[in-house]
Amino acid sequence: MTDAPGYELPFLLFGGFRTLIDRLHAELARRGHPDVRPSYGFAMQAIGVQGATASEVGRRLGVSKQAAGKTVDRLEALGYAERADDPADARRKIVRLTAHGVDALTKSAEIFDDLRADWARTVGADRMTALETDLRAVVGPAAYRLDAAGWFTS
């Protein structure tokens, strides 16, 4: 087997990512969440189960507080998030996921499990496990970053 040119690797990795995300969003739309966009998924992850301020969301996403605020505004308008007073500091607002937002993330997790199973059927369970193991070895702890959108635009 000859070595592939180095430039193919990032395209293949991004193509795999894009394929998963596109299939996720098509299925989310079928399951009652047609308005969720990839950036909203990252933002809802950044908000998390405990909630976060707009500044914290911005830091987690690698975007400005203003950009995070616009995304939160959109999530709020769509019913995925809400702002509430911070019980620890009355001057601050906390962004929290609504039941609709939690449902979108729960369904996303289920769909990702289905997509992973599809990939495992295509390449084989052992190769799928090896792929994940190899990616963890190469990527390390940075694998679970939410700042993709901010990184692409910086």
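Angles between axes under 35 degrees count as roughly parallel, over 145 as roughly antiparallel, 65 to 115 as roughly perpendicular, and the rest as oblique. Axes are lines fitted to C-alpha atoms, for helices over the stretch in contact, and the angles run from 0 to 180 degrees between N-to-C directions. The model is predicted: local features need pLDDT of at least 70, side-chain atom pairs count only at pLDDT 80 or more, and totals for chains, interfaces and linings use all residues. Residues are numbered from 1 along each chain as its sequence is written, and side-chain values use heavy atoms, with hydrogens and water left out.

The chain holds 7 helices and 2 strands. Helices (H or I, at least four residues) and strands (E, at least two) are DSSP runs, numbered from the N terminus. Their order from the N terminus is α-α-α-α-β-β-α-α-α. Along the principal axes, the C-alpha atoms fill a box of roughly 65 × 35 × 25 Å. Of the 154 residues, 30% are buried (under 20% relative accessible area, with exposed over 50% and partly exposed in between; 1.4 Å probe, protein chains only).

Helix H5 covers residues 99-123. Its 25 residues should span 36 Å at 1.5 Å a residue, and its end C-alpha atoms are 36 Å apart, so the two values agree. The expected span is 1.5 Å times one less than the number of residues. The buried residues of H5 are Gly101, Ala104, Leu105, Ser108, Ile111, Leu115 and Ala120. They pack against H1, H2, strand S2 (89-97) and helix H6 (125-139). Just after H5, glycine 124 takes a positive phi of about 100°.

The axes of H2 and H5 come within 11 Å and cross at roughly 110°. The two helices are therefore roughly perpendicular to each other. Gly41, Met44 and Gln45 of H2 make the contact with Gly101, Ala104 and Leu105 of H5 (contact means heavy atoms within 4.5 Å).

Histidine 33 lies in the loop between helix H1 (8-30) and helix H2 (38-47). Histidine 33 is buried, with a relative accessible area of 1%. Leaving aside neighbours within four places in sequence, its contacts are Leu28, Tyr80, His100, Asp103, Ala104 and Lys107. The side chains of histidine 33 and tyrosine 80 are joined by a polar contact of 3.0 Å. A polar contact is a pair of N or O atoms within 3.5 Å; within protein, one must be able to donate a hydrogen and the other to accept it, and residues adjacent in sequence count only if both atoms are side-chain atoms.
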